[in-house]
Amino acid sequence: MGLLSGRKTVYVDSDVLVIGGGMAGCGATYEARYWGRDLNIVCVEKANIERSGAVAQGLYAINCYMGMQWDENQPEDHVRYARNDLMGLVREDLGYDIARHVDSSVHKFEEWGLPIMKDPETGQYMREGKWQIMIHGESYKPIVAEAARKAATKVYNRIMVTHLLMDKTKANRVAGAVGFNVRTGDFYVFRAPAVIVAAGGASHIYKPRAVGEGMGRTWYAPWSSASAYALPILAGAKMTQMENRIVLTRFKDGYGPVGAYFLHLKTYTENCNGEEYESTWYENTKELVGDYIDRHPVPTCLRNHAILEEIKAGRGPIRMVTKEAFQDPHKETIGWENFLGMTIGQAVVWASQNIDPKHTNPELTTSEPYVMGSHATCSGAWASGPEDYAPAEYQWGYNRMMTVDGLFGAGDTIGGTAHKFSSGSFAEGRIAAKAAVNYVKDLGKERPQVSEAEYQNLKKVVFQPMENYEVGRNEIVAGTVSPSYLLPIHGLQRLEKIMDEYVGGISSHYMTNEPLLTRGLELLGMLKEDLDHLGAEDLHQLQRAWELQHRVLASESVTHHTMFRTETRWPGYYYRGDHMKLDDKDWHCFTLSQYDRESGEWAMEKAPVYHIVD
Ligand SMILES: Cc1cc2nc3c(=O)[nH]c(=O)nc-3n(C[C@H](O)[C@H](O)[C@H](O)COP(=O)(O)OP(=O)(O)OC[C@H]3O[C@@H](n4cnc5c(N)ncnc54)[C@H](O)[C@@H]3O)c2cc1C
């Protein structure tokens with residue numbers, strides 16, 4: 001029996017299709033129902049929204065809360081903060097839009113049952129830092145998911161979306177998406193006039209520090225597989241700031257977060273000799289980036305830079321001084337709870353390595369790079385801004401609509417807006433959904449048309465790796481190496497090696513240059529050719545195969561952007577060895593790319609940065 005005969009195709013029609021049921025997707029689903037009472041709202045998720053996405057394990061803090069009810073911060077303050085941390089380059093219109101709406105989302109979380117820690121005297125939310133509030137967040141995701149479940153017409157769990165569908169009657173307009181059920185193998189055709197991509201960021205495009213059996217232990221969730229970028233890229237949407245990958249300083253081997261330690265426990269770092277080292281690198285950093293080093297707070301990448309330079313100077317490891325703070329039983333409890341609520345793995349690693357932070361100062365390390373749009377960096381799609389606030393050049397349609405009609409995004413998907421975190425991603429999902437509902441209503445009875453030929457062809461393409469395996473496995477004589485197909489894990493390791501060695505990963509201390517990038521692109525091109533021969537032995541491996549496809553496309557985008565920006569804007573995230581200095585004269589701008597899926601070519605351009613907030 002042929003691979004496709006007997007494979008069921010399920011058709012799902014909706015008005016608003018939300019791809020990815022993480023924080024942004026849940027926010028979008030919830031809000032779409034509010035504005036579109038009579039609309040058909042569908043959310044499709046490759047895992048189960050109950051525990052999916054980067055917040056799956058829970059969180060200990062909500063990192064984006066203004067506190068306007070207590071006059072703690074105003075949205076403009078958050079724009080200034082994010083702009084400073086990103087060395088001047090953020091979409092201030094989008095950031096302001098999130099900041100002015102984020103508090104109300106947090107209030108909803110509390111109403112739905114999320115326990116937020118409060119100061120017993122003032123009743124105000126307990127702060128971990130200027131923007132962070134502390135929560136008992138083990139069940140953060142199920143609480144948020146419940147709201148989305150109740151709002152959706154239907155949530156389709158366990159369906160991996162592989163491609164977007166385009167309208168056959170109008171160029172550059174989205175018409176839906178296709179994917180497959182990772183449990184049953186059914187093929188799904190989702191038809192919808194408005195599609196909101198909220199599929200998270202990208203881990204595992206660079207070789208992780210943990211390899212072999214430990215390779216799943218990355219900081220960013222291993223299931224964040226770049227669909228948020230690959231889906232719009234393939235549909236021709238413009239992307240921005242894809243070179244702005246993130247590198248995080250974290251506790252070694254478990255990637256346990258350091259925020260609560262710095263901000264709440266007031267711990268600090270030192271080199272192997274017990275010395276403060278950041279001031280050692282002040283002049284060096286000033287030479288590279290000018291007065292950005294004098295800003296407060298010091299931009300995150302520059303703090304990484306000092307660590308990296310100190311280690312290269314032979315004075316590693318860098319340690320977090322916990323021994324003092326942990327003498328205080330309250331702080332000791334907070335220190336452990338911080339991990340138990342969201343990174344249990346770090347506590348396990350310390351137990352296994354005989355590290356009791358009360359007696360041993362634990363080592364820190366810098367992570368491999370990740371690509372994301374909601375944490376401290378802002379890679380993602382180029383989106384239209386809010387009607388009342390965005391400069392004319394940033395407005396070509398509905399709020400959060402990409403450069404493809406009907407295609408919206410939120411959370412890690414949307415570029416230019418760092419520091420939105422879990423709450424800001426949820427709020428941005430709500431903003432995108434409100435606009436998407438308006439878009440659908442404005443269309444009236446008109447609907448995009450899906451081409452049967454397009455989705456029938458995609459059905460073949462999607463299941464081809466299983467066909468390749470079925471045929472090719474007869475040629476294997478031993479082990480897993482086949483002359484006629486490539487397993488997803490082998491492709492992934494090849495991708496990670498290319499990105500690591502040529503595009504500024506850990507093994508080169510995040511250094512790259514034009515010749516390296518050029519070679520990296522050649523090798524990525526060869527890898528792309530070989531992806532036609534991916535082999536998948538089952539549906540799980542088929543999912544891995546498509547995750548790899550998405551990662552490769554996003555990696556190509558990262559490499560082109562890194563090549564285009566001929567400066568080192570964020571030392572500590574990556575370095576262009578051939579352009580080591582920040583160059584505000586030529587590069588105080590956004591980088592934009594657009595992929596042509598027919599020719600496989602990338603077009604690059606600059607876009608201006610508008611400073612709206614003083
Ligand atoms: C380690 C870590 C710690 C963090 N700590 C904090 C913190 O302390 N406080 C805070 O406020 N924020 C924190 N964040 C940030 C926060 O988790 C993110 O900002 C937020 O989850 C981004 O929302 P999102 O919806 O864009 O992505 P996610 O929440 O990751 O959701 C993406 C969803 O898309 C699904 N998906 C992906 N691809 C597909 C596909 N092809 N088809 C169908 N579904 C797909 C995924 O399964 C997932 O459910 C942290 C993030 C990480 C990684």
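How exposed is R315, given as a relative accessible area? Keep that in mind while we walk through this predicted model.

1. **R315 and its partner.** R315 is partly exposed, with a relative accessible area of 25%. R315 forms a salt bridge with E310, and the closest N and O atoms of the pair are 2.7 Å apart. E310 counts as buried because its relative accessibility is 1%, under the 20% cut-off. If you are new to this idea: side chains of opposite charge can pair when their charged atoms come close.

2. **A pair within one helix.** Next, look at K312 and E309, whose side chains meet in a salt bridge with an N to O distance of 3.0 Å. These two residues sit three places apart in helix α8 (residues 300-312), so about one helical turn separates them. K312 counts as partly exposed at 40% relative accessibility, whereas E309 is buried at 14%.

3. R127 belongs to the loop between α3 (92-111) and β5 (133-137), while E72 belongs to the loop between β4 (59-62) and α2 (75-85), so the pair ties together parts that are 55 residues apart in sequence. R127 counts as buried at 19% relative accessibility, and E72 counts as partly exposed at 27%.

4. **The wider count.** In total, the count of salt bridges comes to 43. For R315 and E310 you saw a pair with a closest N to O distance of 2.7 Å. Elsewhere, salt bridges that share partners join D97, R100, D388, R400, K420 and E428 into one network.

5. **A buried arginine without a salt bridge.** R551 is buried yet has no salt bridge, and the nearest side chain of opposite charge, that of E547, is 4.1 Å away. What does a polar atom of the R551 side chain have 2.8 Å away? There you will find the backbone oxygen of S203. Leaving aside residues up to four places away in sequence, the residues that R551 touches include H204, I205, P222, L492 and L495.

6. Finally, turn to L340, I344 and V348, which make a nonpolar surface patch of about 260 Å². One of these residues, V348, is placed in helix α10 (residues 344-352).

Terms used
Residues are numbered from 1 along each chain as its sequence is written. This is a predicted model: local features need pLDDT of at least 70, side-chain atom pairs count only at pLDDT 80 or more; totals for chains, interfaces and linings use all residues. Side-chain values use heavy atoms; hydrogens and water are left out. Patches are made of residues with over 30% relative accessible area and no salt bridge: like charges are joined within 9 Å, nonpolar side chains (Val, Leu, Ile, Met, Phe, Trp, Tyr) within 5 Å. Accessible areas come from the Shrake-Rupley method with a 1.4 Å probe; for residues, only the protein chains shown count as cover. A salt bridge is a side-chain nitrogen of Lys or Arg within 4 Å of a carboxyl oxygen of Asp or Glu. Helices (H or I, at least four residues) and strands (E, at least two) are DSSP runs, numbered from the N terminus. Buried means under 20% relative accessible area, exposed over 50%, partly exposed in between (1.4 Å probe, protein chains only). Lys and Arg count as positive and Asp and Glu as negative; His and the chain ends are not counted. A polar contact is a pair of N or O atoms within 3.5 Å; within protein, one must be able to donate a hydrogen and the other to accept it, and residues adjacent in sequence count only if both atoms are side-chain atoms. Contact means heavy atoms within 4.5 Å.
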